[in-house]
Amino acid sequence: MIDVENLTKSYRKGATATQVLKGVTLRIAQGEFVSIMGRSGSGKSTLLNILGLLDQPDGGRYRLDGIDFSTADDDALSAARNRKIGFVFQQFHLLERASALRNVTLPLLYADGESDDGMARAEMALDAVGLSHRTHHVPSELSGGEQQRVAIARALINRPVLILADEPTGNLDAQAGTEILDIFRRLVTEGRTLVLVTHDMHVAACTDRTLVLDDGRITAERPGAIPSRIPREGRIDRA
Amino acid sequence: MSRNRARRKALVGSLVLSLQLLAAHPLRTALSLSGLLIGVATLIVMVAVGQGAERRVLERMRSMGTNLLIVIAAPAPRVLGRPRQVPVYTSLRVADASAIAEGSALAVAAAPVVTRPVVVHSDGFNTATVLTGTTPGGLLIRNIQADSGRLFNADDDQQQRRVALLGPTVAGSLFRGLDPVGRAIRVGRVPFEVIGVMRPLGTDPGGVDHDDQVVIPLTTAIRRVLNIPYVHTVLVQARNSADLDRLERDVRDILHARLPARSGTADPFIIQNQAVLLRTERGASRAMSRLTAGVAILAALVGGVGIAAVMLISVRERTREIGLRRALGARRRDIGRQFVLESAILAAIGGAAGVSVGVAAAAAAAILGPWELVISWAPALLGFCGSTLLGLAAGAIPAARAARLEPIEALQTE
């Protein structure tokens, strides 16, 4: 699914260039639930942005779903972001004046082709995250956990193969965070690939595999503690 | 097919979203629209005023006859070798009129006219007015018709009958609501019988009230009232106004042949060409219209700049939203299109508001004020479509700026 080789990236601020990624190599298979950990400035968000085609690496090779996007133009990158990838952000990034339903349908605006059943699909996506009773609420009327679940529904609407989450539980309390992770776990069991960035050990412990990033390089790789975190049945399906 | 439909749906979707965002800042939206609104409203009012003025000119001209040459005797500088203080007009004779009618194939009719300021008396009232003497043909050329009673005819003229037609203004002054027909008046000291009241002619562009006159047969006027051998004016009618310039040359040639040239002065007659007057009047009113339309268009352009400024602010404010849309799959051109569309919607709303305000103001002015306005669809349509196009243009720079944003930087903006 994800095949990264010797990825480098540096940012220029004024006269000084900072190298953020110094040769990252990793492979993630379809259906894996992977977390990337690291201290602030270790380059984990930059790596995630490159994996999400929001940013371009300076060097190295990145293949997503077998396709090399290093020379792709804006249209191809946009289409891939729209169809192959679902993003979940720490700050949710919902449109404040739009209802949950309209927020979820936002990616359909940019998807060519069949979108006649858009509303139905959005309702299904909201149902899948347990928000079928909140479809017409605007974000300010929802709790943080609910907002993040709307964002997850939005990420799912175009049935992407890869879901990328940047500190998805960073703005949530423990209870809401657990619910989000439960949803993620279920998406993985349904066959989706999920990569999340976190600096929370407990979150990382819920994933199959954890990559530790330090100073632009992957310095450790260890399996997550799966058994204690398998979602209990019916937990997230409360109406 | 389904691809197109999806595109159209997407367009409608972003339209709805754009409207919601505009509605979220009502004051700013209203302010950004005001320039365009004022421009379009001004344009509509000014075009209405201009067209009203032009129509008024045309109507007045038509009431006098648009196919008309007016040959006016020039004041004689000397009479019997002596200079005159009060101008006297001696050059035109009754026969000149018939000579013109017979001499030029372009002349449909020609009628001599005499005029003099007089005081007219009725039983109890008097008024200062103008006496006009002309032939029945002159009544026809001048489009004089009877509102009540009858016109005089050729027999009245030949028999030098003392019969008079009153203009509505004179009739009002002398009879104060009574029916003047059949009653007696005196023109100076000469008694007349009123045989009819004229249909109103209105005021000409020169400010002369054509309803303030008493019209009597030409021969009666010459022999019984004025006692003069000459006439003041000859009206010459052409088949249509296109012939007027050639007819003017014909008339000039005929009169030159008949009238002795005076030494050291210009022609002993002046020819007033209605076509020229009409052109001048229309030219003046059009120049005025153009000037005001120019100012209105300038105002609208300033309005367009206002919209561009507001859109630039909007792009800056919504940078994160743009980043999000890019992350969710929006292409650069999707983002650009959205801002152009928003700008166009903003401008279209401004244009529509301007049209409404302009039409309402013009209608109010037409009802309440003394002005005559013509409200037409062309400037309204032009105002609306022009505004929308202006909005499309004004949105170009903000849209380009929005589309240029890098998704990740846009997302990370605070």
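Tutor: Two strands pair if DSSP finds at least two bridges between them. Strands (E, at least two residues) and helices (H or I, at least four) are DSSP runs, numbered from the N terminus. This is a predicted model, in which local features need pLDDT of at least 70 and side-chain atom pairs count only at pLDDT 80 or more, while totals for chains, interfaces and linings use all residues. Residues are numbered from 1 along each chain as its sequence is written, and chains are lettered from A and ligands numbered from 1 in the order in which they are written.

Student: Which residue in S4(A) is the bridge partner of A:Asp3?

Tutor: Strand S1 (residues 2–13) of chain A pairs with strand S4 (residues 59–64) of chain A over 5 bridges, in the antiparallel sense. In S4(A), the partner of A:Asp3 is A:Arg63.

Student: Which residue in the turn between S4(A) and S5(A) has a positive phi?

Tutor: S4(A) is joined by 2 bridges to strand S5 (residues 67–68) of chain A, and the two run antiparallel. One bridge links A:Leu64 to A:Ile67. The two strands form a hairpin with 2 residues between them, and the turn residue with a positive phi, about 55 degrees, is A:Asp65.

Student: Which are the edge strands of the open sheet of 4 strands in chain A?

Tutor: The order in this sheet is S2-S1-S4-S5, with antiparallel pairing. An edge strand here pairs on one side only, and that holds for strand S2 (16–28) and S5 of chain A.

Student: In the open sheet of 6 strands in chain A, what is the average twist from one strand to the next?

Tutor: The order is S6-S7-S8-S3-S9-S10, and the pairing is mixed. Strand S6 (85–88) and strand S10 (217–223) each have a single partner strand, so one side of each is left without a neighbour in the sheet. From strand to strand, the twist averages 20 degrees.

Student: How many nonpolar residues are in the contact of H11(B) with H12(B)?

Tutor: The axes (lines fitted to C-alpha atoms, for helices over the stretch in contact, with angles from 0 to 180 degrees between N-to-C directions) of helix H11 (residues 332–368) and helix H12 (residues 377–394) of chain B come within 7 Å and cross at roughly 155 degrees. That makes the helices roughly antiparallel, a term for angles over 145 degrees. Residues in contact (C-beta atoms, placed from the backbone, within 7 Å) include B:Val340 of H11(B) and B:Phe384 of H12(B). With Ala, Val, Leu, Ile, Met, Phe, Trp, Tyr, Cys and Pro as nonpolar, Asp, Glu, Lys and Arg as charged, and the others, Gly among them, as polar, the contact has no charged residues, 8 polar ones, and a nonpolar count of 13.

Technical notes:
Angles under 35 degrees count as roughly parallel, over 145 as roughly antiparallel, 65 to 115 as roughly perpendicular and the rest as oblique. Two residues are in contact if their C-beta atoms, placed from the backbone, lie within 7 Å.
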